[in-house]
Amino acid sequence: MARYELVKRSVALITLTNPPVNALSSAVRHAMAKSMEQALNDPKVTAVVICGENGRFCGGADIREFAGPLRGPPLVPLLDAIEAGEKPVVAAIEGVALGGGFELALVCHYCIAHFKARLGLPEVTLGILPAAGGTQRLPRLIGIPAALELITTAKPLSSRRVSMLTTPCPPDLDALLEVVTMEVKKKARGVMAPLACIQAVRAAATMPYSKGIKRESELMATLFNSGQARALQYCFFAQRTAGKWTLPSGAQWNNSKPREIRSAAIIGLGTMGRGIVVSLARAGISVIAVESEKKLLETGKQMVIGMLERDAKRRGVSASLNLLKFTLSLQDLKDVDLVIEAVFEDMALKKRVFQELSKVCRPATLLCTNTSGLDVDALAGVTDRPHLVVGMHFFSPAHVMKLLEVVCGPRSSSETIATAMSLGKRMGKVSVAVGNCPGFVGNRMLKPYLDQATFLLEEGATPEQIDKALEDFGFAMGVFRMSDLAGLDVGWRIRKESGLTGPDVDPKNPPRRRHGRRYCPIPDMVCEQGRFGQKTGRGWYMYDKPGGTNAKPDPLIQNLLEMYRSRYAIQPRNISDKEIIERCLFALANEGFRILEDGIAARPEDIDVIYLFGYGFPRHRGGPMFYASMVGLERVLERLEHYHQAHPDVPHLEPSPLLKKLVACGSPSVQTWREHIKTMHSHL
Ligand SMILES: CCCCCCCCCCCCC[C@H](O)CC(=O)SCCNC(=O)CCNC(=O)[C@H](O)C(C)(C)COP(=O)(O)OP(=O)(O)OC[C@H]1O[C@@H](n2cnc3c(N)ncnc32)[C@H](O)[C@@H]1OP(=O)(O)O
């Protein structure tokens, strides 16, 4: 846990040895305390050096330990003792010095850092604050503005006994803290940890160290026990769990070798295709981009080049334009390692593309589809290599959004899945393996969520009221603003194709009902007026111009809602924010339980990661499944039963069997739900 060596008969070398990141677990703290005592008591030792094994200084406190009672020697007195010791202590930093690791470096009297070392205080991302003196020592060392900023930056330090310094303090401290508070509130609505950090840094500026450190500890205690800290720490591990995919066959992330992908091709240079080309080129992969018409090819090419150039400028690197080739001919794809089809969302068209690819590409080429919800296995079925077909569902804009759903068809081989997952990682994506069903995980869950929002409109709410409730909950954008951004026409076309609206609707359907269930036609009526969202300057809101982003409530939508309600004799009622949140989010989580039952997602963590990275679910709420567990499964069940009773024609409100089962088992923690799903059928 910590190795003690005497170097040159005078220097004590203490090496942290707790792979993979030398986290300060209770065993490490214990070993460090012992080693420090030995060094301080040995008259031969004139100086101490602390470093970490395997090129990593220290990744901070052991986050896993936060879930249980705190054991072992506490960190703060250990660090205070290092700082107060009579012998000089040097932190030799290679790799990461994060959180408690950075705080350890701060108490050392000297720091030597490799130029590639990464120093920082990421505690806020875990819903806590740097509570081993970080908020008190750092302002003393580098001043308030720089310390406030350091949450996301790395700064090498070289100073002695930092706690003895006075904090360099700007004359307009209150104004500065006010500005930072406003920024933090805007960036992370409703998130407690950054605000607590500001209060702790204020204490560093206005109090002696002994009082400041006490304040730091009080603030930490509040954060530490908060639901937000639990949610954010859950997110940290959920993201890592999601990469560890596993199939019922026994194939999994650590026993399936991915293929090396050197070249790829993208079919279709629409919004999605362009984003995927940029992501691939940024990852250093040669890309051939294919379009069906010269004009589309030229437009796509100019846009891709522009995107790559802007991106490279921002990152201070040169644009990898030499990796790109643009063509009208599928024949050019005969030698590529992998193809991603990103054509229009039309099964017949996609099948034609896959049949063509089967003929043109060499037999070992992987064929991937970027469909957002169509049957991946149906596409595999028209090829000569169904085992090499997999879904790679990127989210728009694909060069920005971090999420990738890797859709495993029943015939996708483990090597194919491993390759898609590993390619996603190389492209900087958070990849989650999911099963094949309409909408997969993310879009399948979206339907009940969107349905509830539009039903609430019928019953008396307005788009701005619903959006505000969701934004106050923590979403960056409410459901209607988000729909305006994404474009309303896509959903309209899908509803027309499925016979829910338009000329193909069965005339026997009573109004506001389809296939025996409640149906809200308001989104269709909005589209019939040519209101497709931001791009047309009108949608659920009005905008200054087509493409404008400043959403304003539109009296025409208000009129439309009033006319609609009076046509169907609906008496509008006052709807509370609580009802909005419960109906939208419990319906969302309820579908998540069904997805787990159906074996479309292997674990609740996978669903949460999809919603965090693909749908803007607030991270400090942990994701829809974690949120349900925090509310209490019993409560979620009771509210769903209540709403289902009030709306029996909405099957999505009927509590899922898995939710009922978990409640019957005493509402176990989200990390153990998997054990209760074991016996069910998996599509993964
Ligand atoms: C009444 C109540 C009073 C309460 C008061 C309580 C007071 C308690 C006193 C606390 C003192 C506070 C100390 C400090 O201020 C708090 C902290 O230090 S919090 C931790 C801060 N550190 C981080 O957030 C770093 C997190 N890690 C990373 O960012 C990355 O892992 C990395 C270090 C950059 C390495 O990245 P990669 O190379 O990509 O590797 P992975 O991310 O895949 O990680 C590999 C493996 O390691 C596990 N892991 C990483 N960091 C930690 C950690 N800090 N603790 C535990 N485990 C960690 C990670 O989960 C992976 O595990 P695997 O998935 O392989 O099992």
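## Domains of the chain

Which domains does the domain assignment of the chain give? The assignment, which is automatic or from a database, lists domain 1 (2-235), domain 2 (263-437), domain 3 (461-567) and domain 4 (577-599 + 602-676).

The model is predicted, with local features needing pLDDT of at least 70 and side-chain atom pairs counting only at pLDDT 80 or more, while totals for chains, interfaces and linings use all residues. Residues are numbered from 1 along each chain as its sequence is written, and side-chain values use heavy atoms, with hydrogens and water left out.

## Contact and buried area

Taken over C-alpha atoms, the centres of domain 3 and domain 4 lie 25 Å apart. Their contact (heavy atoms within 4.5 Å) involves 12 residues from domain 3 and 16 residues from domain 4.

Between them, domain 3 and domain 4 bury about 1,300 Å², 68% of it on carbon and sulfur atoms. Buried area here is the accessible area (1.4 Å probe) lost when two parts are put together, summed over both. On the side of domain 3, F473, F475 and R518 supply 50% of the area buried against domain 4, more than any other three residues.

## Salt bridge and contributing elements

The interface of domain 3 and domain 4 holds one salt bridge, defined as a side-chain nitrogen of Lys or Arg within 4 Å of a carboxyl oxygen of Asp or Glu. The side chains of R513 and D649 form a salt bridge at 3.2 Å, N to O.

Two or more residues on the side of domain 3 that touches domain 4 come from each of α16 (463-473) and β17 (517-518). Helices (H or I, at least four residues) and strands (E, at least two) are DSSP runs, numbered from the N terminus. The most is given by α16, with six residues.
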